[in-house]
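Student: I would like to go through this structure and ask what stands behind each label given to it.

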Amino acid sequence: MADVDDYRKDMEAFFKMAKYPLVRQTDMSAEMREEAVDVCVTAVEKHQTDMEKCTQAIKEALDRKFGPRWHVIAGNYFSFEITHECKNLLYLSSEGLQACLSGKCEQ
Amino acid sequence: MPGIVQKAFARKKPQIVKETAVLKPANGATYTPTVPAATLPSSPNPRAKAAVSAEEVPQQVFKEVVRPETQLPLSERELGEEIVKTLTATNPSAPKNVVHFNMRDRVFKLDPMVDQLAQHYSTDGYLLHNTSEEAKRQLEQAKAAEEAAARYQTELERVQQRREEGVGTASVGTDSEPPDDSRTLRNQFNFSDRAAQTAVQPPRDRGTATEPPPTASTTGSCSMWQIYDAYIEDQERQAAAEEQSSRPRVGGRKGGAAGGPNATAVDDATRRGGGTGPMSSAAMGRVARVLERMANQNTFADVSMDFRYWDDAADGVREAEGTLLPLWRFTAEKGRHKALTALCWSSDYLDLFAAGYGSYGFLKQCSGLVACFSLKNPSYPEFSCVTDSGVLCLDLHAQHPNLLAVGCYDGSVHVFDIRQKGVRSLYSATAQTGKHTDPVWQVRWAAAEGQRGLQFFSVSTDGRFTLWTLAKNELIHQNILELHAEPSLAADAADGWEDTSSPGSLAGGCCFDFNQGQDHLFVVGTEEGRIHECSTAHNSGYLHTYLGHHMSVYSVRWNRLHPRFFLSCGADWTVRLWDSRRAQPVLVFDLGSPVGDVAWSPHAATTFAAATEEGKVHVFDISQNSIEALCEQRVVTQGRLTKVAFNPQHPILLVGDDRGCVTCVKLSPNLRRVSQGDAKQTAKELEVAKLEKVIEVALKGMSEAG
């Protein structure tokens, strides 16, 4: 039981700490990254539970800002292998739970 | 013939009858000769003869006289006998006593009416009389045919007209056929416009493929614990960064993948930082320089050999002619698009020279460059320094070979110490410290050190001839002379024109040179083409004025051995040799192009070189040829030559061009003949005597001519 409690305490501390978005991988330019991170964070905050709406929101915002054909994955567990246009990839973790991956690619 | 229809008969050829002359009367009447025709040819009867000849002409009758065997042979007398023939209307062969039995009278009665017609020849004609039946029928037929043709024609015209009005006939096929009245048009609405029948251009596809935007592939997976790990890692990194608070944090939080190369870059930097020490040390620099020179000497081994040992073997054979051998070419990276404007050999180090880069163009001014090259390292300058304004002139001090005086286009003068690299300049004259207001065209160190320190002179087109003294911290200027445009001379030159310049206006100085013998004496060449001899001892005016050049003087040079003679060159294509005691030039050489610079040889008193804007170097030895150059050689294929300088010792010549390139050329033996001194006279004395001899001859020639 103590272990579980410790784990829970640990996780609570972790969630408290991990309030900020963490960019794990990107090849965007600085301004573009800032904007994209902003978009992702707002969308994740807005749609905490509904991942589908979250991805929809991110995609629409990014399409509006940087031109069409963005592909967005958001969720807690996923893996991916994607081909994307250079300078157009952002992979970030937000609020310690969700991870968003957005890439622009040619269909 | 109207009314007569020609029948399609072949015309009958006239029949030629040999034995009997057939007479065909034109009027159709029958003519019967009273005498048998066979006798006629030999008959002397003129009438019969005339009749025969009349027939002969149109009918081409035979000429041969055929005598039938049965012909009666006649004697001459009988032939000559005249026989009278009468033409009668009676037929001789017609019976005269034809009788008929008269039944009423029961008696034979003489018929008085006997047919007298005799037919000798008859033929069917093809002419019809227009009143005859046959003719009438034929006429009717012709008329019917004509009417048919006319109908056809009108129909044709009608159809054509209709087609022109845009209501053409049904099909294209009928165009070539005659219109048919009998057939009605099958579809009178199905007419097609000719313009619609043009060829249809086949459609073509053309495409261009653009480069696809660069893509990259990324793989990864995301799960709760990976996110946790990433945050923990980030936290640790932040903590580490905070610990080293002295170092500013690298902007942005990088993921694990990005962290790798980042760390190595920092490592690289630190490693490099640690390694700069020994690499940039003075000892390393010296070693590197030695290595560079060795590499260059290996690269240019053949050029170095030529420099030391090459002599043009042809010079032993030919007289008064020489050649130049190009050796090295010096270019500075920073001076690539600038013109070479100044050259000066170091007097102490015989392999070292300074080159100034700038621009002569008023509209194309650029920053300047001072570079010092060594012959031992032609590929890279030993010293280089960029100046704000284009360099126009420079001079290395004779006693202090590290000091370099530089004059710039903006009127400033600078002093560099070429030992110190990277230092901009030791001294600079600015607007506050009395810099020139026009380009400085020449600077020259004073030969003797002044009481206050090192001094140099400069001349500029603002008319000032200035002495600069190197004080402890600054340059002190002193105007030695103001070059006044002399009103009287100006008026003479202008020939009656009002001298627009005020009496106090200044003449622009372009160049000057100090006399080798007397330190205070110097000549100044001006933009107007006048050359003034002046002295630093008096600043009131000119000692002499030499008139000769029509355009600005680019260079004046005193002879290196003889104190009386000097050379000048200018934009008027001429090089002039002057005796300082004569107002007129002793010798004038026209080189066919503006002469950028002229330089005396340091050893031979009669040898000098001139560089022209054509790209040619002319080397003269007036003791060998006082009219033409011994050598006239193109040194650069493109560009104009600006400066020329003799090495103080070696027989080499530096030539600069407006492309920023310095070419080193070697003089062939004929171009560097120097008198050899002996016990009685030194080489210098011999040289002076040689020059004087040449001048004497030239003056004699002038006086004879004049």
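Tutor: What follows is a set of questions on how the labels were reached, and the model is a predicted one.

Student: What makes up chain A, in order from the N terminus?

Tutor: Chain A has three helices and five strands. Their order from the N terminus is α-β-α-α-β-β-β-β. Of its 107 residues, 34% count as buried. Among its contacts between residues at least 6 apart in sequence, 54% join residues at least 24 apart.

Student: What makes the buried residues of α2(A) a face of the helix?

Tutor: A residue is buried if 20 or more other C-beta atoms lie within 10 Å of its own. In α2(A) the residues that pass are A:Ala36, A:Val39, A:Cys40, A:Ala43 and A:Val44. Viewed down the helix axis, these buried residues fall within an arc of 125°, so they line one face. An α-helix has 3.6 residues a turn, so residues three or four places apart point the same way. On the other side of α2(A), the exposed residues are A:Ala30, A:Glu31, A:Glu34, A:Glu45 and A:Lys46.

Student: Why is α6 of chain B said to lie largely in the open?

Tutor: Of the 18 residues of α6(B), one is buried, so the helix lies largely in the open. This helix, residues 282–299, reaches 25 Å from its first C-alpha to its last, close to the 26 Å expected.

Student: What makes B:Trp573 partly exposed?

Tutor: Its count is 18 other C-beta atoms within 10 Å. That is between the limits of 12 and 20, so B:Trp573 is partly exposed. B:Trp573 lies in the loop between β22 and β23 of chain B. Its phi is also positive, near 75°, in a residue other than glycine.

Student: How do you know that β3(A) and β3(B) pair?

Tutor: Two strands pair if there are at least two bridges between them. These two have eight, in the antiparallel sense. Within this arrangement, A:His84 stands opposite B:Ala216.

Student: Which element gives the most to the side of chain A that touches chain B?

Tutor: The contact takes 23 residues from chain A and 22 residues from chain B. On the chain A side, β3(A) gives the most, with eight residues. That side divides into 13 nonpolar, seven polar and three charged residues.

Student: Which residues touch the most other members of the largest nonpolar core?

Tutor: Of its 118 residues, B:Leu394, B:Leu404 and B:Val644 do. Strand β5 of chain B supplies the largest share of this core, six residues. Apart from it lies another core, of 25 residues, including A:Met28, A:Leu90 and B:Cys222.

Definitions and conventions. Residues numbered from 1 in each chain as written. Chains lettered and ligands numbered in written order. Predicted model: local features only at pLDDT ≥ 70, side-chain atom pairs only at ≥ 80, totals over all residues. Contact = placed C-beta atoms within 7 Å. Helix = DSSP H or I, 4+ residues; strand = E, 2+ residues; numbered from the N terminus. Nonpolar A, V, L, I, M, F, W, Y, C, P; charged D, E, K, R; others polar. Arc of directions from axis to C-beta. Expected span 1.5 Å × (residues − 1). Core = buried A, V, L, I, M, F, W, Y, C linked by C-beta atoms within 7 Å.
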